[in-house]
Protein chains: 2
Amino acid sequence: MPYDPSAFPPFAVTVDLVVLTVRNHALCALVVRRGEPPFQGRWALPGGFVRAEEDLEAAAARELKEETGLRSHEPDGSDAGAHLEQLATYGDPQRDPRMRVVSVAHLVLAPDLPAPTAGGDARSARWATADSLLGSGDGMAREGDQAVPLAFDHDRILLDGVERARSKIEYSSLATAFCPPEFTVGELRRVYEAVWGVALDPRNFHRKVTGTPGFLVPTGGTTTRQGGRPAQLFRAGGATLLNPPMLRPEV
Amino acid sequence: MPYDPSAFPPFAVTVDLVVLTVRNHALCALVVRRGEPPFQGRWALPGGFVRAEEDLEAAAARELKEETGLRSHEPDGSDAGAHLEQLATYGDPQRDPRMRVVSVAHLVLAPDLPAPTAGGDARSARWATADSLLGSGDGMAREGDQAVPLAFDHDRILLDGVERARSKIEYSSLATAFCPPEFTVGELRRVYEAVWGVALDPRNFHRKVTGTPGFLVPTGGTTTRQGGRPAQLFRAGGATLLNPPMLRPEV
DNA sequence: ACTGTTTATCGTCAGGGAGACGACTATGAT
DNA sequence: ATCATAGTCGTCTCCCTGACGATAAACAGT
């Protein structure tokens, strides 16, 4: 079946964003309220059409900036900005009732932001805990502030994004993407604890991260912003892969 | 930027397949020769348009069957058939000189096949070693039977697929997808050795795979098809994740 | 100033897994 | 019979991890 540019089914291509951060010791995702049908009034992942001459990653970065004001930092070394990577593509013929839409979902990991919707457009946007959006993962009905599923297949996309984040911080230094440019070992540990939903031993965690070459580089400064004894400040080192990986406690 | 079904850029959506197998102790990929421009006469990954009412995975499974006669086995438990999973999506505006094409690449892992093009259509198709297609990965010019890059951005797609396979057999039982339904520990070890391009200690490998619960289940039979002492035959167990993972030797 | 609380950081110890190899077994080929 | 080829079982050591004690340095309250 060779390419035939004169006869192909018409598709719309969009990008959807799973924007994750850690707030109040909980993994949170950015959701926006839909202003028009279908799914009017329901919460959904931010996203939009890919433009005619726009790369997929560029479209994701543009939507991210439009919705949150966040800059994504390309892997060219610039530090400020959020981590952005392609997640997966969703193309069920029925996923949008109006037309055939293929959505290339992207995953964004960002440090905690002061303003939930800084730089966003007119639509209401907010952070919601992943647990509340995903119904706590135990099949129970959702509780609290979020009672209904997300629009379209965004529940599935969010779940895939959360799973990707949970597994990827095991073997990469990606957890630092949730931290400010300078952070303490304890702050990094709280990121792991929030994303995995478990408690980690502070002493073993400290040994592990400071003993992995290239993971953390000390900046020389200290901080007491978490209370207690002053803690050393670190920046993310050059290493992207963690070998051996950080082990996620079972059950 | 809410959905606007009345005004969206027109896209074509295709699926491309990275079909990998292990032949002669080497990782091989399926390539087909293009019969028409652009890139006429060049080798490319198999693939084609997604139909108007067709799911992405269904399109990948259909193309796979058209090109190789292989059935992909859905995760519904049926055993025969190749493993199929979504790989990534490629949408550079310039990746196809004729029009805007977004391609959802899929990764297929198959046991060694008797006929390279069984069930394929009229186009010529063949297996080529990943090394020859990717230029040995050391920046050297390609040698042997394959001297030119693949069409479009298929070099990049193939590289991503090979990387996915190499990393995924570390922490999953996916290497069994390269094996026939019944296989020996030594055959499984040769899969790892071919995919990773390293030599593994037979004794430690044997201890590792037979000691991981749920990875292998003995069928009771034995075989001498590899020569030497008869080896126990196994089937893939129910476990999909390997914990702890199989460690890839460094360097 | 003293005490309790909180967080950070260093140390110790036991158990498990992996790498390095030795040894033995069971086939087919010469 | 002998050799070559694979497969399988053991052993030993090292390193990493989990469990957990102990110390250090800040702040809050009295």
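Helices (H or I, at least four residues) and strands (E, at least two) are DSSP runs numbered from the N terminus.

H4(B) spans residues 185-196 and reaches 17 Å from its first C-alpha to its last, close to the expected 16 Å, which is 1.5 Å times one less than its number of residues. Gly197(B), with a positive phi near 70°, follows the helix.

## The contact between chains A and B

Chain A and chain B each give 31 residues to the contact, which is counted where C-beta atoms, placed from the backbone, lie within 7 Å. On the chain A side, E5(A) gives the most, with three residues.

## The surface near DNA strand D

Around DNA strand D there are 23 residues, of which Arg203(A), Arg229(A), Gly186(B), Arg203(B) and Gly228(B) come nearest; a residue is near if its C-beta atom, placed from the backbone, lies within 6 Å. Helix H5 (202-211) of chain A and H4, H5 and strand E9 (231-236) of chain B each give two or more residues to this surface.

## Basis of the model

Residues are numbered from 1 along each chain as its sequence is written, while chains are lettered from A and ligands numbered from 1 in the order in which they are written. In this predicted model, local features need pLDDT of at least 70 and side-chain atom pairs count only at pLDDT 80 or more, whereas totals for chains, interfaces and linings use all residues.

Notes. Two residues are in contact if their C-beta atoms, placed from the backbone, lie within 7 Å.
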